[in-house]
Amino acid sequence: MPQPRGCEELRRDLARRGREAAGRLPEDLREHVDGCTTCRLLVAAVSQVAGQPGGPLYTPALRRRTLAAARVAAPHSAAALGWLLLPPAALGALVGTAAPVWILATALQMLSVPQACAWATAAGLVLSTSLTASGLVAILVDRPRDAWQPLTGASRSLEV
Amino acid sequence: MTTPVPRTRTEAPTEPELVTGLQRGEPDSLASLLDLHGESLMRYLLSLVLRRDEAEDIFQETWVRVLRQAHRADPARPFAPWLFRVARNLAFDHLRWRRRWRLLVGGEAPAEVGDPSGRPTTPEILASADLARRLLAGLGPKLREVVHLRFWGDCSYEEIAAIAGVPVGTVKSRLNRALAQMGRGLKRLEVSHASAEGL
């Protein structure tokens, strides 16, 4: 008769045989599980994962939404539009950066700041301001959906 | 150039045919693939992000990306590993953002199993039907992922490795770590149960 094996061997057996092990354990491991509460609960938990009760997650509403999103994001039209927008976007970025630098440098020179120093200061200020603004916008746009709400017990409910 | 032959047979198209259809931009192929993999993909995403609304968002984004990158799919190979890989990348990007956002504005991470933070009491958890859910919530997403794919998805080590983009040895060690961590979580619960009963 095989000797009862330990918790570690049970875990190894579960890992090796996967779902099959959760359903049916070898006799010697079964004996160990009968006498070990932790392992009994672990087998129960793994069986729950394998069985995973609950209703369907892929609902007709989700199907509709996904198909609609995919239709909107059809590959070729969006890509073509992106390329068309590239020249005006580049021009806008150039003007948007160059104009404030020029205005600020001119203003600084009027205050008797040396020319090189004025241009460097103006460029530094404008670039750092725009980088900071872009960073903030990126963070806000990509924030998680629930970020504005305090995390309550209900909103933290786990829905595996 | 060959003329497409009208489909006269009645049986459903095979997965390679659907992937080829997807590459041609046929909406029916997308819908069929969606129906084929929708449930398992949603369960996989939910096992990673633990919130249904977020899992649904990532699910949608996954299919949009699949449509855009359909030319990269190889109809001769199984579609699911590629699909799950796309979904996984999006889910982990999302989890990274969620963590950064929490660091930036403060907020709580999901409580671990055995954490005395106003959650149901230990006996309730030990007796509950969603013991697995609570145990998995105490694991990191990479460990949750292997447990879900191995026990729910019934995937082999090789299939999990293909989805996670890691060697088979890493999958094995993650699975062992996950089960050991679940065991430790259960032990903590038992200890707190025993001390609550004054044993």
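Helices α7(B) and α8(B) are oblique to each other, an angle class that excludes those under 35 degrees (roughly parallel), over 145 (roughly antiparallel) and 65 to 115 (roughly perpendicular). The model is predicted, with local features requiring pLDDT of at least 70 and side-chain atom pairs pLDDT 80 or more, whereas totals for chains, interfaces and linings use all residues. Residues are numbered from 1 along each chain as its sequence is written, with chains lettered from A and ligands numbered from 1 in the order in which they are written.

The axes of α7 (residues 141–152) and α8 (residues 157–164) of chain B come within 10 Å and cross at roughly 140°; axes are lines fitted to C-alpha atoms over the stretch in contact, and angles run from 0 to 180 degrees between N-to-C directions. In α7(B), B:E145, B:V146, B:L149 and B:R150 meet B:I160, B:I163 and B:A164 of α8(B), contact being defined by C-beta atoms, placed from the backbone, within 7 Å. Five of the residues in this contact are nonpolar, none polar and two charged (nonpolar: Ala, Val, Leu, Ile, Met, Phe, Trp, Tyr, Cys and Pro; charged: Asp, Glu, Lys and Arg; polar: the others, Gly among them).

Chain B has nine helices and zero strands, assigned as DSSP runs (H or I, at least four residues, for helices; E, at least two, for strands) and numbered from the N terminus. In the interface, 53 residues of chain B are in contact with 42 residues of chain A. Helices α2 (27–49), α3 (52–68), α4 (79–105), α6 (131–137), α7 and α9 (168–196) of chain B each supply at least two residues to the side touching chain A. That side of chain B comprises 29 nonpolar, eight polar and 16 charged residues.

Definitions and conventions. Contact = placed C-beta atoms within 7 Å.
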